Amino acid sequence: MEYMKFSYTNFKVSKIGIGTWKLGINPAEEISAIKYALNEGVNFIDTAEMYGTETLVSKAIKGYDRNSVFIATKVSPHNFNYDNLIKACNKSLERLNIKYIDLYQLHFPNYKISMKETFAALEYLVREGKVLSIGVSNFNLDELKKAELILKENKICSNQIEYSILVRRLHDQIINYCKNNKIEIIAYSPLLRGNMYRKRNIKTNEIFEELTKKYNATTAQIALSWLISKNTIPIPKSGSLEHMKENINAIKIKLSANDIKKIDDIKQRKSSMVGLGEHIIKHYDYHIE
Ligand SMILES: NC(=O)c1ccc[n+]([C@@H]2O[C@H](COP(=O)([O-])OP(=O)(O)OC[C@H]3O[C@@H](n4cnc5c(N)ncnc54)[C@H](OP(=O)(O)O)[C@@H]3O)[C@@H](O)[C@H]2O)c1
């Protein structure tokens, strides 16, 4: 595995993480797939109170040294007021069965609750030692800049956004800003939620046919390798051991600059969720444990 220092922390995270949204269908198989990844050196797990998978994550990390795993979870927008955020954090800690969260992320922006109040609660949790670092998710550039100005004692360490070979319109500005300000980009839905192998246009198909042959890799691996080459941390979700192995092995593929450019130039056909603010939540069928 390869590692990188996660901005504004002392933790070296693996360059590929584990997504957990929609796990819980075959818990035993999914937990052993996560354990396999941990044994292979992957140490970054992403969950959220909304996914209902924090308990499953607690089972997967049982028996591993707490300091060796980077646990990222998220608080839901309806819990962004001061008291609710602290309660939500305590509940996540309980479900995860841990004493601190490595990265606590705001799941989406919430325009109905003042950011000042939300960040005051997050900074309190850092002072209490319950949260080690603060991140956001689905924040556009303006929201990100506003958040940075509001935080008093901490930095925004990361922005988790939808980012993949085909979903990256609107992203250049955010990516450049994050790079310049040492804010990590966590790339969610890096495999297009499983739609990697759906029909694409002919030119795109040709590029993937060429690259999968050249690197002796699958389309999923090329997609993940491209995200890693951009210094983002992809967090593919897989409940199957076979897919988990395939995804982790993407780390071994080193795309040439020319091939990265070929993917860069693929025509975009989907818009990003970033910037939809509070409306984004309506797109998802989340539940809370
Ligand atoms: N912050 C946010 O708002 C937000 C939103 C969405 C997601 N996320 C995070 O990002 C993670 C990943 O995103 P996602 O779950 O939306 O989608 P994804 O990782 O892009 O795709 C997951 C789907 O791809 C399949 N898959 C995995 N590996 C594969 C492979 N090698 N070949 C073919 N299919 C493969 C999985 O099926 P199997 O399980 O059968 O392998 C699953 O159906 C989430 O789990 C969550 O942690 C965050």
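**Figure 1. Overview of the predicted chain.** The protein chain holds 10 helices and 10 strands. Its radius of gyration is 18 Å, close to the 19 Å that the globule rule gives for 289 residues, so the chain is as compact as a globular protein of that length. Please keep in mind as you browse that this is a predicted model. The C-alpha trace spans about 55 × 40 × 35 Å along its principal axes. Of the 289 residues, 44% count as buried.

**Figure 2. The largest nonpolar core, with 72 residues.** Which residues have the most contacts inside this core? They are Phe44, Phe70, Cys89, Tyr104, Val131, Ala187 and Ala223. Helix 8 (residues 219–229) supplies the largest share of the core, seven residues. As general background, nonpolar side chains tend to be buried together in soluble globular proteins.

**Figure 3. Ala187 and the residues around it.** Ala187 is one of the core residues with the most contacts inside the core. Neighbours within four places in sequence are left aside in this view. What remains in contact with Ala187 is Tyr163, Ser164 and Leu227, together with the run Thr232, Ile233, Pro234 and Ile235.

Figure 4. Which residues of helix 6 are buried? They are His171, Ile174 and Cys178. Seen down the axis of helix 6, these buried residues fall within an arc of 65°, so they line one face of the helix. Just after helix 6, look for Lys182, which takes a positive phi of about 55°.

**Figure 5. Strand 6 (residues 101–106) and its partner strand 5.** Strand 6 is mostly covered, with six of its six residues buried. Strand 5 (residues 70–75) runs parallel to strand 6, and four bridges join the two. A handy pair to find is Lys74, which stands opposite Gln105 in strand 6. To get from strand 5 to strand 6, the chain passes through helix 3 (residues 82–96), and this β-α-β crossover is right-handed.

**Figure 6. Strand 6 beside strand 7 (residues 131–137).** Five bridges join strand 6 to strand 7, and the two run parallel. Here Leu103 stands opposite Ser133 in strand 7. With helix 4 (residues 115–127), strands 6 and 7 make a right-handed β-α-β unit. Two residues already met in the core view return here by position: Tyr104 and Val131 are among those with the most contacts inside the core.

**Figure 7. Ala33 in helix 1 (residues 27–39).** Is Ala33 buried or exposed? Ala33 has 22 C-beta neighbours inside 10 Å, and a residue counts as buried at 20 or more, so Ala33 is buried. Not counting residues up to four places away in sequence, Ala33 touches Ser238, Gly239, Ser240, Leu241 and Met244.

Notes: Residues numbered from 1 in each chain as written. Predicted model: local features only at pLDDT ≥ 70, side-chain atom pairs only at ≥ 80, totals over all residues. Core = buried A, V, L, I, M, F, W, Y, C linked by C-beta atoms within 7 Å. Buried ≥ 20, exposed ≤ 12 C-beta atoms within 10 Å, placed from the backbone. Contact = placed C-beta atoms within 7 Å. Arc of directions from axis to C-beta. Pairing = 2+ DSSP bridges. Right-handed = clockwise from strand over helix to strand, strands pointing away. Rg over C-alpha atoms; globule rule 2.2 N^0.38 Å.
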